[in-house]
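Hi,

Here is the structure I promised to pass on.

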Amino acid sequence: MREVFMRTSPTNIGLSLLATVAATLAVLLGTVMGWIDLRTRIPGRKFLDYASLVPLGLPGIVVAVALIQFWLAMPVALYGTLTILLLAYVGRYLPLGVRAANASLRQVDPSLEESAKILGASWTTTMREITLPLIRPGLFAGWLLVFVPVIQELSASILLFSSSSITLAVAVYNLYETGYIEPVAALAMINMVIIGVAIWLANWVGGGRLVSRGDAAPVSA
């Protein structure tokens with residue numbers, strides 16, 4: 001028991017990085033898919049949006065088994081590594097990133113981007129100066145929606161972890177099954193601290209522009 005508990009200490013850092021990367025990738029891919037759906041005329045863009053919702057209906061165990069079957073047939077050995085866990089998390093929670101990006105882009109009137117283009121701004125400048133600042137709070141909200149379930153994901157992790165890639169949720173489950181309630185409570189507190197810090201950082205980074213706008217002095221008539 002002590003060996004499992006001590007091994008999860010460095011794993012907490014690795015899992016935090018893994019959840020951060022998974023949430024970031026899910027939001028980035030979701031933003032690209034949302035942009036294709038709402039800002040382009042590419043044929044099949046609606047199908048891409050609908051297909052992104054499929055993982056919501058798949059249990060984590062099904063996703064894990066599919067990844068195991070696929071990568072066991074590949075020459076690259078990913079089973080038991082953090083990479084296969086990352087693929088499982090991104091694939092399973094990608095719909096949350098897509099919905100967050102889609103909702104954020106729908107709140108930005110395309111005429112703002114068109115006006116920038118008329119004034120000579122490039123696509124890169126338009127995205128950096130207009131679109132991204134406006135959708136940033138929504139993207140950080142989507143990032144949180146992915147990060148929180150990833151940090152405590154169990155159903156897929158329990159089939160994909162190894163002794164070198166044990167996750168916090170798997171450690172809590174194993175300790176609880178063996179009757180070690182005190183370490184379970186300690187790891188649960190660590191989990192709460194990690195999620196709390198992530199929520200504070202995302203709220204600070206994503207909501208800073210909104211706070212500054214709200215604190216601006218009103219213009220008198």
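Which residues lie nearest the centre of the largest pocket? They are Val27, Leu28, Thr31, Leu132 and Leu139, out of 13 lining residues. Here a pocket, on a 1 Å grid over the protein atoms alone, is an open set of points where a 1.4 Å probe fits, with protein on both sides within 12 Å along at least five of seven lines; lining residues have an atom within 4 Å of a point.

Before going on: this is a predicted model, where local features need pLDDT of at least 70 and side-chain atom pairs count only at pLDDT 80 or more, while totals for chains, interfaces and linings use all residues. Residues are numbered from 1 along each chain as its sequence is written, and side-chain values use heavy atoms, without hydrogens and water.

Back to the pocket: α6 gives the largest share of the lining, seven residues (helices are DSSP runs of H or I, at least four residues, numbered from the N terminus).

Thr31 lies in helix α1. With a relative accessible area of 14%, Thr31 is buried (under 20%, 1.4 Å probe, protein chains only). Leaving out residues up to four places away in sequence, Thr31 touches Ala101, Leu105 and Leu139 (contact means heavy atoms within 4.5 Å).

On confidence, the chain averages a pLDDT of 81 (the predictor's confidence in each residue, from 0 to 100), and 86% of the residues score at least 70. Helix α4 (residues 82–106) has the highest mean, 91, and helix α9 (residues 181–214) the lowest, 73.

Best wishes

Methods:
Helix = DSSP H or I, 4+ residues; strand = E, 2+ residues; numbered from the N terminus. Buried < 20%, exposed > 50% of the residue type's maximum accessible area, 1.4 Å probe, protein only.
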